[in-house]
Amino acid sequence: CYSVKDVGYSYRGTKSDRMCVNWDQFSVFPVAQYKDAGLGIHSYCRNPDPRGETKPWCYKSDGKKKSCAIDMCTYDISSILFVCDSTSDSEKECEFPFLYDGKLFFECTAHGRGIPWCATKTDPSSRVEESGYCLCPKPSNPQIQPTFSPPANGIL
C-alpha cells in the first residue's frame, strides 16, 4: 500500500505492471539523482516527484505515465499523536511539500530545529525561502502510538 500523506513518495513495494519499463530508460528522472525516491534499474511503481502525481506510477514504453493499481494504506486517525495546523505562527499558510537538508517534507517537521516548523515560501524547486513554526496542539496521551492497518489483501 502507499501513504496518502506523501502521495506514494515513500512507497517501496515491488508492484509493477506488464506495461511498465525500467526507470533508467528515461532521463526525466535520472536513477542516480532519484535513488532516495526508490528509483533503480527496475520497473516498480514509484512517485519520484509528488508535486505532480497523487499515487505511484510507472513509465510505459511509449514514454507516457501509467498510474499503478496500488491500494492506499489505511490509518487509525483517532490514535495519531500530533496533528499540526497548516498555518504557521506568522499566520502564513504552510507550503507542502518543501525541500530542506536534502529531504522532502509533506508535513510540519522538527528536523533541524527541535520544534515543529514548515516552509511558508518556497522557490520553484520547493526549497525553503521563508519558514514559520507550526501551530500544534499538545498530544493528549503520550502513551498512544499511531496504528497501521494493511489492506485486506495483506500486500504492502
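This is a short tour of a predicted model, stop by stop, for you to follow in your viewer.

**Stop 1: colour by confidence**

Start by colouring the protein chain by pLDDT. Its average is 75, and 74% of the residues score at least 70. Now select residues 76-82, where pLDDT stays under 50. The model still gives this stretch 16 contacts beyond four places in sequence. Then jump to residues 138-156, where the pLDDT is again below 50. Beyond near neighbours in sequence, that stretch has 29 contacts in the model.

**Stop 2**

Next come the aromatic rings. How many aromatic pairs does a search of the whole structure find? There are 8 of them. To describe a pair of rings, you give the distance of the centres and the angle of the planes.

Select Trp 57 and Tyr 59 and show their side chains. Their ring centres are 5.0 Å apart and the planes stand at 90 degrees; anything over 60 counts as edge-to-face, so this pair gets that label. Both Trp 57 and Tyr 59 are buried.

**Stop 3: an aromatic cluster**

Clear that and select Phe 96, Phe 98, Tyr 100, Phe 105 and Trp 117. Ring pairs link these residues into a cluster. Zoom in on Phe 98 and Phe 105: the centres are 5.5 Å apart, and the planes are at 25 degrees, so the pair is stacked. Are these two buried or exposed? Phe 98 has 0% relative accessibility, so it counts as buried. Phe 105 comes in at 14%, and because buried means under 20%, Phe 105 counts as buried too.

**Stop 4: a cis bond**

Stay with Phe 96 and look at its backbone link to Pro 97. That peptide bond is cis, with omega near -10 degrees. Pro 97 itself lies in the loop between strand 3 (74-75) and strand 4 (98-100).

**Stop 5: two residues with positive phi**

Move along to Asp 101, in the loop between strand 4 and strand 5 (103-105). Asp 101 isn't a glycine, yet its phi is positive, at about 55 degrees. With 56% relative accessibility, Asp 101 counts as exposed.

Last, select Ser 126, in the loop between strand 6 (117-122) and strand 7 (128-133). Here, too, is a positive phi in a residue other than glycine, near 75 degrees. Is Ser 126 buried or exposed? Its relative accessibility is 6%, so Ser 126 counts as buried.

Conventions. Residues are numbered from 1 along each chain as its sequence is written. This is a predicted model: local features need pLDDT of at least 70, side-chain atom pairs count only at pLDDT 80 or more; totals for chains, interfaces and linings use all residues. Side-chain values use heavy atoms; hydrogens and water are left out. Rings of Phe, Tyr and Trp (its six-membered ring) pair if their centres lie within 6.5 Å; planes under 30 degrees apart count as stacked, over 60 as edge-to-face and the rest as tilted. Buried means under 20% relative accessible area, exposed over 50%, partly exposed in between (1.4 Å probe, protein chains only). pLDDT is the predictor's confidence in each residue, from 0 to 100. Contact means heavy atoms within 4.5 Å. Helices (H or I, at least four residues) and strands (E, at least two) are DSSP runs, numbered from the N terminus.
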